[in-house]
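The structure comes first, then the notes.

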Amino acid sequence: QVHLMESGGGLVQPGGSLRLSCAASGSIFRINDMGWYRQAPGKRRELVAIITLDHSTTYGDAVKGRITISRDNAERAVYLQMNSLKPEDTAVYYCVAKVIVAVTADESGYWGQGTQVTVSS
């Protein structure tokens with residue numbers, strides 16, 4: 001069983017910053033891609049950022065230039081540094097990971113429970 005635990009969400013004023021963290025635990029052989037999606041009320045879930053095992057990154061168009069994703073492979077963790085936050089960044093942010101649980105296993109996708117980010121004055 002693989003578990004993803006997010007932290008770092010909260011209320012921030014427009015223009016402010018937040019850092020989200022996500023740690024993976026459980027039976028893990030290797031974590032390939034890690035990343036973040038978000039879902040605002042009444043909207044579809046959208047990509048925020050993805051980072052591969054070798055630290056290649058992909059960002060959603062809505063956050064490019066304001067958000068940086070990073071990971072610590074030894075800690076099995078992924079981070080999201082969010083700057084210049086806007087009210088439209090308000091959403092539940094979900095951690096995702098593509099995990100291989102054993103050397104003979106296929107890759108499986110896992111989601112965290114989500115952490116609320118609210119940008120408001």
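## Contacts around Asp-89

Asp-89 touches Arg-38, Arg-66, Ser-84, Val-117 and Val-119, not counting residues up to four places away in sequence; contact means heavy atoms within 4.5 Å. This is a predicted model: local features need pLDDT of at least 70, side-chain atom pairs count only at pLDDT 80 or more, and totals for chains, interfaces and linings use all residues. Residues are numbered from 1 along each chain as its sequence is written, and side-chain values use heavy atoms, without hydrogens and water.

Asp-89 sits in the loop between β8 (77–82) and β9 (91–100). Thr-115 belongs to strand β11 (residues 115–119). Strands are DSSP runs (E, at least two residues), numbered from the N terminus. Both residues have a polar contact, a pair of N or O atoms within 3.5 Å, one able to donate a hydrogen and the other to accept it; residues adjacent in sequence count only if both atoms are side-chain atoms.

| Residue | Relative accessibility | Polar partner | Distance |
|---|---|---|---|
| Asp-89 | 1% | Arg-66 side chain | 2.7 Å |

Asp-89 counts as buried because its relative accessibility is 1%, buried being under 20% relative accessible area (1.4 Å probe, protein chains only).

Beyond four places in sequence, Thr-115 touches Glu-6, Gly-9, Leu-20, Ala-91, Val-92 and Tyr-93.

Tyr-93 also figures in the largest nonpolar core. Of its 29 residues, Trp-36, Val-48, Val-78, Leu-80, Met-82 and Tyr-93 touch the most other members. β9 gives the largest share, five residues. Such a core is a set of buried Ala, Val, Leu, Ile, Met, Phe, Trp, Tyr and Cys residues joined through side-chain atoms within 4.5 Å.

Note on methods: Helix = DSSP H or I, 4+ residues; strand = E, 2+ residues; numbered from the N terminus. Buried < 20%, exposed > 50% of the residue type's maximum accessible area, 1.4 Å probe, protein only.
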